[in-house]
Amino acid sequence: MVKHIILWKLRDELGAEEKRTVSEAIKKGLEGLQGQVPGLVSIHVQIDGRLDSSNADIMLDSTLESPAALAGYAVHPAHVAVANGVVRPNTQVRMCLDYEF
């Protein structure tokens with residue numbers, strides 16, 4: 001099994017309402033991949049409850065069956081559509097941690 005965790009910082013130029021709208025769109029888009037991407041066991045996007053001590057706005061916490069499944073997820077057309085359509089245009093920092101367990 002592989003954990004795929006991403007932290008994003010939204011673009012500074014987005015206002016509070018825009019950040020909320022974008023966060024909800026990212027959550028809906030990424031969580032909507034469940035059942036579409038082979039090998040994707042679970043996927044959750046955390047957008048609420050962020051404490052002031054945080055320096056990221058959004059967290060993706062996903063589990064995949066294997067490193068090969070992670071590689072397939074990265075290029076799956078449904079994932080690429082969400083990444084290119086809503087994530088990349090609205091984020092300025094991305095940090096990733098992938099590990100096997």
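1. The structure is a predicted model, in which local features need pLDDT of at least 70 and side-chain atom pairs count only at pLDDT 80 or more, while totals for chains, interfaces and linings use all residues. Residues are numbered from 1 along each chain as its sequence is written, and side-chain values use heavy atoms, with hydrogens and water left out.

2. The protein chain has 3 helices and 4 strands, in the order β-α-β-β-α-α-β from the N terminus. Helices (H or I, at least four residues) and strands (E, at least two) are DSSP runs, numbered from the N terminus.

3. The radius of gyration of the protein chain is 13 Å, which agrees with the value near 13 Å for a compact globule of 101 residues. This radius is taken over C-alpha atoms, and the globule rule is 2.2 Å times the number of residues to the power 0.38. Along the principal axes, the C-alpha atoms fill a box of roughly 40 × 25 × 20 Å.

4. Of the contacts with a separation of 6 or more in the protein chain, 70% are between residues 24 or more positions apart; a contact means heavy atoms within 4.5 Å.

5. Buried residues make up 37% of the 101 in the protein chain, where buried means under 20% relative accessible area, exposed over 50% and partly exposed in between (1.4 Å probe, protein chains only). The accessible surface is about 5800 Å², with 56% of it belonging to carbon and sulfur atoms. Areas come from the Shrake-Rupley method with a 1.4 Å probe; for residues, only the protein chains shown count as cover.

6. His79 is part of helix H3 (residues 77-87) and counts as buried because its relative accessibility is 12%. A polar atom of the His79 side chain lies 3.4 Å from the backbone oxygen of Ala74. Leaving aside residues up to four places away in sequence, His79 touches Leu30, Leu33, Tyr73 and Ala74.

7. Leu30 belongs to helix H1 (residues 16-31) and, at 2% relative accessibility, counts as buried. Apart from residues up to four places away in sequence, Leu30 touches Trp8, Ile43, Val45, Leu60, Tyr73, His79, Val82 and Val87.

Note on methods
Polar contact = N/O pair within 3.5 Å; in protein donor to acceptor, adjacent residues only side chain to side chain.
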